[in-house]
Amino acid sequence: MHEMAIAQGIIDIAVAAAQREGAQRITRINVVAGELRGVVHLQLTFCFGVLAEETIASGAYLNLEITPIKGRCRECGQTFIVEDYQYVCPGCQSRDIQMVGGTELRIRDIEVD
Amino acid sequence: MKINVMTDVLEANDRIAAANREIFDKHGNLVLNLMSSPGAGKTTLLERTAEALRGKLRLGVIAGDIETTRDSERLQKYQLPVVQLTTGTACHLDANMIASALPHLDLSGIDILLIENVGNLVCPAEFKVGEDYKVMILSVTEGDEKPLKYPLMFRESSLLLINKIDLLPYTNFSLEEAKRNARKVNPDLETMEVCCTTGEGIGAWVSWLVERYQARFGKLRRA
């Protein structure tokens, strides 16, 4: 149930950002989560709803964008989407792959009144 | 109105982890975050490690357990510095829990600090605690497909210990398949086979620890 800690992190950061701008209410929070993070949308929404009560994020819509795992070939430089955890370059078949996306977990932006 | 934020959701945790890491570095502690599912053999590995490191490097342990103090009781006979964190309902250790344990440990008397995380293949992988390496244990009774089901944990780990290899004849676990699946998720993952009850493979694991310690901090402090 890492969703509880993630939801708390989202609220703390969003509320602080909104208060810095003098906002009264947060209406939407856009979160980007890499596929490898395994964030479950339904659980996250539930935890968020409970934890956001009595904060200025109460009632905000939590939008979760899941981003795919991305690799960059250290041999030929090609960037590609990793499917089925196959860390193999589709261009040159190299297995020397640097992961460049898929573990991110951040708030991109928020909408406030 | 839209406000750009672009902040890591777990940045508060990561900040505390970095502060823990500074404290560990100052005291010359090599810190390992030990993760596995419940029953994979974390505490037994700690016991074997305590025996094998005796006279080489000084071991300390932070043990996370949901409700009981059984793990720390098992470790008492090795006369190690052990701090037990009962995590209540939490399913993982985070940087703040580790920070709260540090005042109860004499870090200057420890070379290698093993942090026994809560048994769980999902949540512990998310939270840095200030460790040098994440090490995970997979026991053969869990199945060789686990790397594909819990990819983040295998991805985040530097070393995978495949435990209970004495039970291989009684299971359909394939070492080759497990390693293949693990490397799909993390091509850089090192693997070792161990049996914590018979002690098989423990020598290689302890050599790994000693090498990592020497690479970080130079010579062993006491012979």
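**Helix packing and backbone**

In chain B, the axes of helix α2 (residues 42–53) and helix α8 (residues 202–217) come within 10 Å and cross at roughly 70°. Angles of 65 to 115 degrees count as roughly perpendicular, so α2(B) is roughly perpendicular to α8(B). The crossing of α2(B) and α8(B) is right-handed. Keep in mind that this is a predicted model. Two packed helices are described by the angle between their axes and by the distance between those axes.

Which residues make the contact between α2(B) and α8(B)? From α2(B) come Leu45(B), Arg48(B), Thr49(B), Ala52(B) and Leu53(B). They meet Ile202(B), Trp205(B), Val206(B), Leu209(B) and Val210(B) of α8(B). Sorted by class, this contact of α2(B) with α8(B) holds eight nonpolar residues, one polar and one charged. Arg counts as charged, and Arg48(B) sits on the α2(B) side.

Now turn to the backbone. Most residues other than glycine have a negative phi. Two residues are worth a look against that background.

Take Glu54(A). Its phi is positive, near 65°, and the residue is not a glycine. Where does Glu54(A) lie in chain A? Glu54(A) is in the loop between α2 (41–52) and β2 (61–67) of that chain. Is Glu54(A) buried or exposed? Exposed means over 50% relative accessible area; Glu54(A) has 83%, so it is exposed.

Met6(B) also has a positive phi, of about 45°, although Met6(B) is not a glycine. Met6(B) lies in strand β1 (residues 2–8) of chain B.

Technical notes
Residues are numbered from 1 along each chain as its sequence is written. Chains are lettered from A and ligands numbered from 1 in the order in which they are written. This is a predicted model: local features need pLDDT of at least 70, side-chain atom pairs count only at pLDDT 80 or more; totals for chains, interfaces and linings use all residues. Side-chain values use heavy atoms; hydrogens and water are left out. Helices (H or I, at least four residues) and strands (E, at least two) are DSSP runs, numbered from the N terminus. Buried means under 20% relative accessible area, exposed over 50%, partly exposed in between (1.4 Å probe, protein chains only). Axes are lines fitted to C-alpha atoms, for helices over the stretch in contact, and angles run from 0 to 180 degrees between N-to-C directions. Angles under 35 degrees count as roughly parallel, over 145 as roughly antiparallel, 65 to 115 as roughly perpendicular and the rest as oblique. A crossing is left-handed if the near helix is turned anticlockwise from the far one by less than a right angle, and right-handed if clockwise. Contact means heavy atoms within 4.5 Å.
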